[in-house]
Amino acid sequence: MKQSVSMLMYSLALVVLLVVDVMLFVALGLASPIPWVVLAAIATIPYFSSRQEKRRFVTWHDSYSTGIEAIDNDHKKLLGLINNLQASVHYHTGEQFERQSLNELIDYTRFHFGREESLMEKHGFPGFADHKRQHHEMIQEVERFVAEYEKKGSDALDQVAEYLKVWLVNHINGTDQEYSPYLREKGEK
Ligand SMILES: [Fe+2]
Ligand SMILES: [Fe+2]
């Protein structure tokens, strides 16, 4: 659903709830606790809504660090590019920014995979083939999503953005952690 449409529905729902609560005040009077409880519940909606909004975006945590500066810098840059893409999807910034955000994220992901694979190969990391296969499968999946985006336009972008966010964060925090002790032992830092 487009951000502008979902914002309109959200605002309408709040207005309807407030109108219902005013009617409860009129029917039951100020002395009744029911309309006050309903009012308190309505007041928490924007708080929970903004928490959910924040969850769309990702932040760097020190626990993501591999201890290898170039890799960590790449990962930080990727998180920033994920956030750009999430922003372009959810704030409906227009096709040009959408495409630019998507292409930048995919291009940098490819570049970063290349850097990791070179390091793993150079040092003979035992899990190299499996790690490279995961990168390859992810790029294939992204290409399928991009083809979908080319067919359906913005409506397909939400799924692409979510896939990239979840995959990259899990990969940075999981599979990429597997090579870091080995590469650091080989002198990478
Ligand atoms: Fe990585
Ligand atoms: Fe990786």
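**Exercises on helix 4 and its surroundings**

Helix 4 is followed by Gly124, whose phi is positive, near 65°. The model is predicted, with local features requiring pLDDT of at least 70 and side-chain atom pairs pLDDT 80 or more, while totals for chains, interfaces and linings use all residues. Residues are numbered from 1 along each chain as written, and chains are lettered from A and ligands numbered from 1 in the order written.

**Exercise 1.** Determine what span helix 4 should have.

*Solution.* Helices are DSSP runs of H or I with at least four residues, numbered from the N terminus. The expected span is 1.5 Å times one less than the number of residues. Helix 4 (residues 95-122) has 28 residues and should therefore span 40 Å; the end C-alpha atoms are 40 Å apart, in agreement.

**Exercise 2.** Identify the buried residues of helix 4 and what covers them.

*Solution.* A residue is buried if 20 or more other C-beta atoms, placed from the backbone, lie within 10 Å of its own. Glu98, Ser101, Leu102, Leu105, Thr109, His112 and Glu116 qualify. An α-helix has 3.6 residues a turn, so residues three or four places apart point the same way. The cover includes helix 3 (69-90) and helix 6 (157-173).

**Exercise 3.** Describe the largest nonpolar core.

*Solution.* Such a core joins buried Ala, Val, Leu, Ile, Met, Phe, Trp, Tyr and Cys residues through C-beta atoms within 7 Å. The largest has 14 residues, and Ile82, Leu85, Leu105, Ala161 and Leu164 have the most contacts inside it. Helix 3, helix 4 and helix 6 each give two or more residues to this core. Apart from it lies another core of five residues, including Ile71, Phe125, Tyr179 and Leu183.

Technical notes:
Buried ≥ 20, exposed ≤ 12 C-beta atoms within 10 Å, placed from the backbone. Contact = placed C-beta atoms within 7 Å.
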